[in-house]
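Trainee: Hi! Could you walk me through this protein model? I'm still new to reading structures.

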Amino acid sequence: MNIKKIKKKILKIRKKIKIYSYYYFYKNKNIISNEKYDYLLKKLEKLEKKYPLFKCKNSPTKKIYYKFIKNFSIKKHNIPMLSIKNFYSFNKIKKYINKIKKIYKIKNFCCELKIDGMAISLIYKNNFLYKSLTRGNGIYGENVIKNIKYINSIPKYINSKDKIYNLEIRGEIYISKKNFLKINKNKKFSNSRNIVSGTIRHLNKKIVKKRKLSFIAYDIIINNNRKNYLTQYESLKKIKKLGFKIDKKTKLFNKINNIKKYYNKIIKKKKKIKFNIDGIVIKINNKFIQEKIKNNNKYIKWCIAWKFKSKKKISKVKNIIFEISKNGIIIPIIIIKKIKIQGVKIKKINFYNLNYLNKTKINIGDNVIIERSGNVIPKIIKIIKKNKKKYLINKCPFCNKKININEKIPKCYYNKCYGKLINNIVFFCSKEAFNIIGLGKKIIKKLIKYKCIKNIIDIFNISKKKLIKIPKIKNKLSNRIINSINISKKKIKLNNIINSLSIPNIGKYSSIKISKNIKSFKNFLKLKKKNILRLNEISKKKQKSIISFLNKKKNIIFLNKLNKILFL
């Protein structure tokens, strides 16, 4: 492999990891399994070691990728709050333990549960809680003290005889399995870590209070010193005395085989544990040796995580159906013979896009291996027995128009596509846009079917007489819809109007930034290329999307009609 190809490969892996990290830390979504993410990181590490010419300070192997939320103040950690390296095989765990034992003559290791939550640092001054930082990028964290105060298992005051001027307790915020299932009925969150992260950084205090999060502590720092206690195990006892919950299943081991037995026991007891875990953490028990071992900018080197492997099962493809996004992306849905993985029933799987479907040539009747990525999202990872018939889609399943299957993500570009029209109207009426209560997907389909509406603008011309004629839409619902339409016209915010337009690459947060720049809808209508290129905090890609949108006659006609409805 030549140097250009190696560089291209390294840059490609870095880009992938940054995208996955962005979704994981900022969007609270797992779009790849933990194993695959760790595999990519290790692959990148090997390439950077082999070709030091392409090392860089901002590489995901050297730095924790994290995007801060502006709503919280950003503070520096007294001692860096770093990540733990993940391993999935016993051989790698054995190699690490043997190496450490040989160098430092370690007597024992402290083994704790790896809770699937969010790491947090609690800082007390004169026994009062005054600051609470997220891990952030390891050096800086967000001060989420306002939301932390609603977690009952976190003491706001430490009832201790000795006044400790500066005390820091580090641990994991988590949600119980019971609460997770209650809150996640609509499957908005892909796992318990995501729901915790979303809650801790939420702006609505009532939501934080309702979700009933909990906390388990695992480290203590007094006056910026971790060596106040000789061992990890002793420090946990002190933490408990101060009034914090600790992991009851924590054990001390000397032999590698005993650590293996502990790991296997935890796997068997995993279902009975009241909160989600994704492995065990193995720590050097001696705190002085912990401090001797130098960490890098990203990882702690005195402990490692032995993570559980994702569960896999075989099933059969029963059918392939399709959905379409408001921008025309066709999403294949694979209907499989119902299976259970870790107590969860799985009967359908999103299959990315048409291109991926055509490449894999998956077909009805195929036997497939299913994996629950991130312990929640089901994915097809392998086709083990194929149907002989070829399965190729080159037309839109909703309007039958031809699709360019050579595109990275094939789309339907036909403006009058029935599937696109429905989803555009659904989004336009959603909370993120006009928030028209009563106009969900089922009702919108009926409105189109009975020729009550043909496009988005027709929504504002719906009359009660037309609504009552549609089956199952009675007096109460029709009044509710009409009232909601009238309220939305009066109360709609500028950023929601921009978001409702479904401009490619322009989402909720970009709409807020644009609205801050332009300040009125009339200014948006007057926007010209020069002004668009000057918009603050809007990338070139997004600027091009706005220019392209405003250059189309049909969009200008629509915007002028909308302007008359809302502001005249």
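Mentor: Happy to; we'll go through a helix, the nonpolar cores and a few single residues. Keep in mind that this is a predicted model.

Trainee: Great, let's start with the helix. How many residues does α9 have?

Mentor: Helix α9 runs over residues 256-269 and has 14 residues. From its first C-alpha to its last it reaches 20 Å, close to the 20 Å expected at 1.5 Å a residue.

Trainee: And which residues of α9 are buried?

Mentor: Those are Ile256, Ile259, Tyr262, Tyr263 and Ile266. They cover an arc of only 115° around the axis, so they sit on the same side of α9.

Trainee: What's on the face turned away from that buried side?

Mentor: That face of α9 carries exposed residues: Asn257, Lys261, Lys265 and Lys268.

Trainee: Okay, and what covers the buried residues of α9?

Mentor: The cover includes helix α3 (90-104), along with the strands β3 (109-115), β9 (251-253), β10 (277-284) and β11 (299-307).

Trainee: Now the cores. How many residues are in the largest nonpolar one?

Mentor: The largest nonpolar core has 47 residues. Phe434, Leu439, Leu447, Ile459, Ile462, Phe524 and Leu562 have the most contacts inside it. Several helices each supply at least two residues of this core, including α12 (418-429), α13 (441-449), α15 (475-491) and α21 (553-567). Apart from that core lies another, of 35 residues, with Phe253, Ile277, Ile304 and Trp306 among them.

Trainee: Can we zoom in on Leu439? What does Leu439 touch?

Mentor: Leaving out residues up to four places away in sequence, Leu439 touches Cys429, Ile444, Leu447, Ile459 and Ile481.

Trainee: Changing topic: which residue other than glycine has a phi near 55°?

Mentor: That's Lys361, and the value is positive. Lys361 is found in the loop between α11 (354-360) and β15 (367-373). With a relative accessible area of 43%, Lys361 is partly exposed.

Trainee: And what about the phi of Asn505?

Mentor: Asn505 has a positive phi of about 75°, although it is not a glycine. Its place is in the loop between α16 (494-500) and α17 (508-518). Asn505 is partly exposed, with a relative accessible area of 40%.

Trainee: Last one: is Lys529 buried or exposed?

Mentor: Lys529 counts as exposed, at 55% relative accessibility. You'll find Lys529 in helix α19 (residues 529-532).

Terms used: Residues numbered from 1 in each chain as written. Predicted model: local features only at pLDDT ≥ 70, side-chain atom pairs only at ≥ 80, totals over all residues. Heavy atoms only, no water. Helix = DSSP H or I, 4+ residues; strand = E, 2+ residues; numbered from the N terminus. Buried < 20%, exposed > 50% of the residue type's maximum accessible area, 1.4 Å probe, protein only. Expected span 1.5 Å × (residues − 1). Arc of directions from axis to C-beta. Contact = heavy atoms within 4.5 Å. Core = buried A, V, L, I, M, F, W, Y, C linked by side-chain atoms within 4.5 Å.
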